[in-house]
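Thanks for coming, everyone. Let me put the structure up, and then we'll go through its spaces, its ligand and its strands.

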Amino acid sequence: MSIENALINIAPERIEIDGVTKSFTTNRGTIVALDNVSVKVAEGEFLCLVGPSGCGKSTLLNIIAGLDTPDSGRVLANGESVTGPGRDRMVMFQEHALFPWLDVLGNVMFGLRLKPGLNNKERKEVAKYYLDLVGLSKFQHANIHELSGGMKQRVALARALAPNPRVLLMDEPFAALDALTREQLYGDIQRIWEARRKTIVFVTHNVREAACLGDRVLLFSPNPGRIRAEFQVDLPRPRDINSVELARYSTEITTALKGFTNKQGTEAAE
Amino acid sequence: MIRSLSSIVFFLTLLLAWEFVARSGHYSPVLLPSPLNVLEYIWQATCDGTLWVATLVTMKRLMLGYGLGLLFGIPLGLITARFRLLQDTLGLLALGVQTLPSVCWVPLALLWFGQTEAAMLFVVVMGTLWSVIIATNDGVRAMPPIYLRAARTMGSKGLHTWFKVILPASLPYLVGGMKQGWAFAWRSLMAAEIFVTILTGFGLGQLLQYGRELLAMDQVVAVMAIIVVIGLLADRLLFSPWERFFHRRWGTGSMK
Ligand SMILES: Nc1ncnc2c1ncn2[C@@H]1O[C@H](COP(=O)(O)OP(=O)(O)OP(=O)(O)O)[C@@H](O)[C@H]1O
Ligand SMILES: [Mg+2]
């Protein structure tokens, strides 16, 4: 396999989440993190998950990634049951999860080294291509602790993209960043998504961010974790986070979010 | 440059103070030899070969025992950290046995192996092994589990995960454990050499012991000084490069 092959767009994957339930038992009691959740993610779709803290978004992402198994229900990737992690589904974790014992290039190379069909020279070229894509080619030999928070997230993005997965699972990747860096990354991620054709499941607390990036936005509510509402965002791309049309969508979503969180508050108070 | 200068000034001052106290005549020279006496002994014992041979004999024993301790200690520490059953059995045993001062192994070694090299080796290995197990085990358990999850999504499993994730992730602890193991190996070897008198080799510990018996304090102090120097050299050559590496990578080890 040549580098062109390694970089070539591969068909994005279709994901079906079918009646997934997951609960955690601790000595504080049992929490139903996900209660019979079903979602279909189309090939090449950009799906955003929004919801208050603790409503099971990360849990769902981990289950799609194959890192956790559901108590009941199943996840299908391109029709095949997910039984464990796979290189077709890469994760960008809520924490950057970069390896401090490797430099930037070493981190991006980690997944590539495990990918058969390439020699080391080709792997290096692929890694450099993605570092370039996230604007960090100058930092390939930097240590992780020398990077700013935003740069770490970019490295994590490059690391997730490098093995050319069909699905990208992103867990609040930009939560810790300043507004400017974030805006820049919104542009980057849309560009990458359009250029490289991937199915993306993107978790965020930020409704505007969800409306800016997603084809579709799902609203979750906690205790038990369920999908409460679904919004289709029909705006042309690339979208500007500050545009008026986008503000309309995000107001609509926020209203819905407030609606059911308030209701839940009163339910709990009763 | 400034750093080595400050080290040199410090040690010179220390030596001068010692020489001064020794010359003041308050203490009998039999009990407190001056640094010059000690140097004289070192010179003479180096020329007649005693010191070389003793150092060589001791280093051979140390390296063998320490090497074996690491060879078994690191893998055992790695697996006790990852399997609950081993944690509750071998891990607990290591935790308990590790608290034994290494001299405590000497009587057992003498009864089992007699006055032999094997007894010596046994004491050193016992002195090293358990602390290395504990340090490695602690290192692996301190590793954030997110590294393993990230590695798994990228297709790492089995031996690859052990060598490319778990081992490097616990490197700072491993080096700490190796340093501690080294110190423990020295302590146990000296204990062994002082108590086990054998004819197959005359090490630094035995030199120390004979110095005491002959009331040759210059010899005693010289051997102690040599042990200190070897310890410092080992630190510089064996451990410092690793420490520098991980301080640079992890961004730790801040110092004014
Ligand atoms: N390993 C675990 N053990 C026990 N409880 C867990 C575990 N993982 C998640 N939970 C619980 O499951 C619920 C959902 O957690 P999850 O991390 O999926 O939330 P989230 O939607 O990602 O929240 P946030 O937006 O704050 O990241 C929470 O109540 C959490 O306490
Ligand atoms: Mg989360």
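The lining of the largest cavity splits into five nonpolar residues, one polar and one charged. In that count, Ala, Val, Leu, Ile, Met, Phe, Trp, Tyr, Cys and Pro are nonpolar, Asp, Glu, Lys and Arg are charged, and the others, Gly among them, are polar. Which residues line the largest cavity? From chain A, M90(A), V91(A), F93(A) and R159(A). From chain B, A150(B), T153(B) and M154(B). Two elements give two or more residues each: β6 (89-92) of chain A and α7 (145-153) of chain B. The space in this cavity is about 40 Å³. Searching the whole structure turns up one cavity of 30 Å³ or more.

Some ground rules. The model is predicted, so to speak of local features we need pLDDT of at least 70, and side-chain atom pairs count only at pLDDT 80 or more, while totals for chains, interfaces and linings use all residues. Residues are numbered from 1 along each chain as its sequence is written, chains are lettered from A and ligands numbered from 1 in the order in which they are written, and side-chain values use heavy atoms, with hydrogens and water left out.

Now the terms. On a 1 Å grid over the protein atoms alone, a cavity is a set of points where a 1.4 Å probe fits but cannot get out. A pocket is an open set with protein on both sides within 12 Å along at least five of seven lines. Lining residues have an atom within 4 Å of a point. Points are joined across faces, edges and corners, and a volume is the space filled by probe spheres set on them. Helices (H or I, at least four residues) and strands (E, at least two) are DSSP runs, numbered from the N terminus.

On to the largest pocket. Its volume is about 590 Å³. There are 21 lining residues, and L15(B), W18(B), I42(B), A225(B) and V229(B) lie nearest the centre. They divide into 19 nonpolar, one polar and one charged. Which element gives the most to this lining? That is α11(B), with nine residues. In chain B, α1 (2-23), α2 (35-47) and α11 (217-250) each supply at least two. Chain B has eleven helices and zero strands. Its C-alpha atoms fill a box of roughly 70 × 50 × 30 Å along the principal axes.

Next, ligand 1. It has 14 residues around it, with S53(A), K57(A), S58(A), T59(A) and H205(A) coming nearest. Around here means a heavy atom within 4 Å. This shell holds four nonpolar, eight polar and two charged residues. The top contributor is α2(A), with three residues. For polar contacts, take pairs of N or O atoms within 3.5 Å. An oxygen atom of ligand 1 sits 2.6 Å from a side-chain N or O atom of S58(A). For the side chain of E172(A), the distance from a ligand oxygen to an N or O atom is 3.1 Å.

Last, a sheet in chain A. It is open, with four strands in the order β2-β1-β4-β5 and antiparallel pairing. Pairing takes at least two DSSP bridges between two strands. Why do β2 and β5 (80-81) of chain A each have one side without a neighbour in the sheet? They stand at the edges with a single partner strand each, so one side is left without a neighbour. Two bridges join β4(A) (residues 72-77) to β5(A). One partner pair is L76(A) with S81(A).

How values were computed: A polar contact is a pair of N or O atoms within 3.5 Å; within protein, one must be able to donate a hydrogen and the other to accept it, and residues adjacent in sequence count only if both atoms are side-chain atoms.
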